[in-house]
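Here is a short briefing to read alongside the model. Take a moment with the sequence and the fold, and then we can walk through them together.

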Amino acid sequence: MTDQLRLMAVHAHPDDESSKGAATMAKYVSEGVDVLVVTCTGGERGSILNPKLQGDKYIEEHIHEVRKKEMDEAREILGVGQEWLGFVDSGLPEGDPLPPLPEGCFALEDVDKAAGELVRKIRAFRPQVITTYDENGGYPHPDHIMTHKISMVAFEGAADPEKYPEGEFGPVHQPQKLYYNQGFNRPRTEALHNAMLERGLESPYGEWLKRWSEFERAERTLTTHIPCADFFEIRDKALIAHATQIDPDGGWFKVPMELQKEVWPTEEYELAKSYVDTSLPEDDLFAGIRDNA
């Protein structure tokens, strides 16, 4: 359908789609927008972060299959489509100095070649809008940074028949807008932190804000605020579906739902590229596109 709005969200691992922009996606699904999550890796090297599941031998030995099943459940909850790009998780290197990345992992792939796999997805799905990570990856995980790199190449490359020939990659398509997820922004964190303290509640964000002050990173420009509080419960349900990664009793869920909806009822994005005219700030990822759909 020529008037069908389509949103593609490009993420590094299973669970990223549920922790970054999930309420936005659920909102657009409810409006009839076709939403596709592209997951770059299988999350094979992800640690088991839920203490209740740590030490489970089956999970440890079958982490790839377990995380795929979790992704299937989250996809159903959000109502989105989801496809794998097929690369291998790089893991999060730790130590000083950092160890080398494992051979064959996503972060060591040739950027243009890896972007070609995303170009295939873009040309097949033909989204008007793509969301991804900024150049810092949201946080400096090598797979998040690589996701940014291939997304930037593929956004333009999907319309370039010379770099990515149509016979191999499909008919060209130019997405109209590209956004960076910025849901973990400082204004939101401070607002929720202060609201918790004002109500005499313990805030889970004290250490976050302390570490934030130690970073020498410029604040991001939040261009787009999507009202999606009605979908926060769906977001949390999808996140909990990633049971190996999320402790349902952990810090992610310490802020009461009604407080979240009252104090910060939006999810934030940074408009990085646009081929349509739009006025900032926005409250719609399809601003400038809907009238022409």
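How far apart do the C-alpha centres of domain 1 and domain 2 lie? They are 24 Å apart. Please keep in mind that this is a predicted model, where local features need pLDDT of at least 70 and side-chain atom pairs count only at pLDDT 80 or more, while totals for chains, interfaces and linings use all residues. Residues are numbered from 1 along each chain as its sequence is written, and side-chain values use heavy atoms, with hydrogens and water left out.

**The two domains**

- Domain 1 covers 6–185 + 220–287, and domain 2 covers 186–219; these bounds come from an automatic or database domain assignment.
- Where they touch (contact means heavy atoms within 4.5 Å), domain 1 brings 19 residues and domain 2 brings 17 residues.
- About 1,400 Å² is buried between the two domains, with 67% of it on carbon and sulfur atoms; buried area is the accessible area (1.4 Å probe) that two parts lose on being put together, summed over both.
- On the domain 1 side, Asn-185, Leu-259 and Trp-264 lose the most area to domain 2, and together they make up 33% of what that side buries.

**Polar links across the interface**

- One salt bridge is counted between domain 1 and domain 2; the term means a side-chain nitrogen of Lys or Arg within 4 Å of a carboxyl oxygen of Asp or Glu.
- Three residue pairs are in polar contact across this interface, both residues being at pLDDT 80 or more. A polar contact is a pair of N or O atoms within 3.5 Å; within protein, one must be able to donate a hydrogen and the other to accept it, and residues adjacent in sequence count only if both atoms are side-chain atoms.
- Helix α11 (residues 257–263) gives the most to the domain 1 side, with four residues; helices (H or I, at least four residues) and strands (E, at least two) are DSSP runs, numbered from the N terminus.

**Asp-15 and its partner**

- Asp-15 sits in the loop between β1 (6–11) and α1 (16–19), and has a positive phi of about 105° although it is not a glycine.
- The side chain of Asp-15 forms a salt bridge with that of Arg-67 (2.5 Å, N to O).
- This pair links distant parts of the chain, 52 residues apart, with Arg-67 in helix α4 (residues 63–78).
- The salt bridge count comes to 25.

**Aromatic rings and a cis bond**

- The structure holds eight aromatic pairs, meaning rings of Phe, Tyr and Trp (its six-membered ring) with centres within 6.5 Å; planes under 30 degrees apart count as stacked, over 60 as edge-to-face and the rest as tilted.
- Phe-87 and Phe-106 are stacked, at 5.1 Å centre to centre and 25° between the planes.
- The peptide bond from Leu-280 to Pro-281 is cis, with omega near 0°, and Pro-281 lies in the segment after β7 (266–274).
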